[in-house]
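Subject: Structure handover

Hello,

Please find the structure below, followed by notes on what was found in it.

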Amino acid sequence: MVITEARELHRDVTATLTEFVRALAAAFPGALEQEGNRYRVHDATAAMELQISPGPNRNIASLSLPTLAVIIRFTAGEAPACAALLAHLDRYLHRGGG
């Protein structure tokens, strides 16, 4: 994970907006706020804001997968707490595969 000095991380996520928001809500029950295409989540030690916009479909042979461009900004917390918050979200976004 590379977090810039501005405490910002850019990711391309293979998911629909509905799937992504469902994972956010499951990962942070009662701690999710939304304002347009921005979502804010927090725990006792850190907070982050996620700006989400549609990305291009990812095509693999005849399979077309939706993507999202996600900008994550850490708005509170020390680096270890921010990393833990992001790891918690990643567990909820993880899908099985082989």
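Strands E3 and E4 form a hairpin with 4 residues between them. Bear in mind that this is a predicted model.

Strand pairing

E3 covers residues 38-42 and E4 covers residues 47-54; the two strands run antiparallel and are joined by 5 bridges. Within this pairing, Val41 stands opposite Met48 in E4. E4 also pairs with E7, again in an antiparallel arrangement, through 8 bridges. There, Glu49 is placed opposite Arg73 in E7. In a regular strand, side chains alternate between the two faces of the sheet.

Glu78

Strand E7 spans 67-76 and helix H2 spans 79-93, and Glu78 sits in the loop between them. The relative accessibility of Glu78 is 62%, so this residue counts as exposed, the cut-off for that class being over 50%. Glu78 and Thr45 are 33 residues apart along the chain, and their C-alpha atoms are separated by 7.9 Å.

His88

His88 is part of helix H2. With a relative accessible area of 23%, His88 is partly exposed, because buried would require a value under 20%. Which residues is His88 in contact with, leaving aside its neighbours within four places in sequence? They are Ala27 and Phe28.

Regards

Notes. Residues numbered from 1 in each chain as written. Predicted model: local features only at pLDDT ≥ 70, side-chain atom pairs only at ≥ 80, totals over all residues. Heavy atoms only, no water. Buried < 20%, exposed > 50% of the residue type's maximum accessible area, 1.4 Å probe, protein only. Pairing = 2+ DSSP bridges. Contact = heavy atoms within 4.5 Å.
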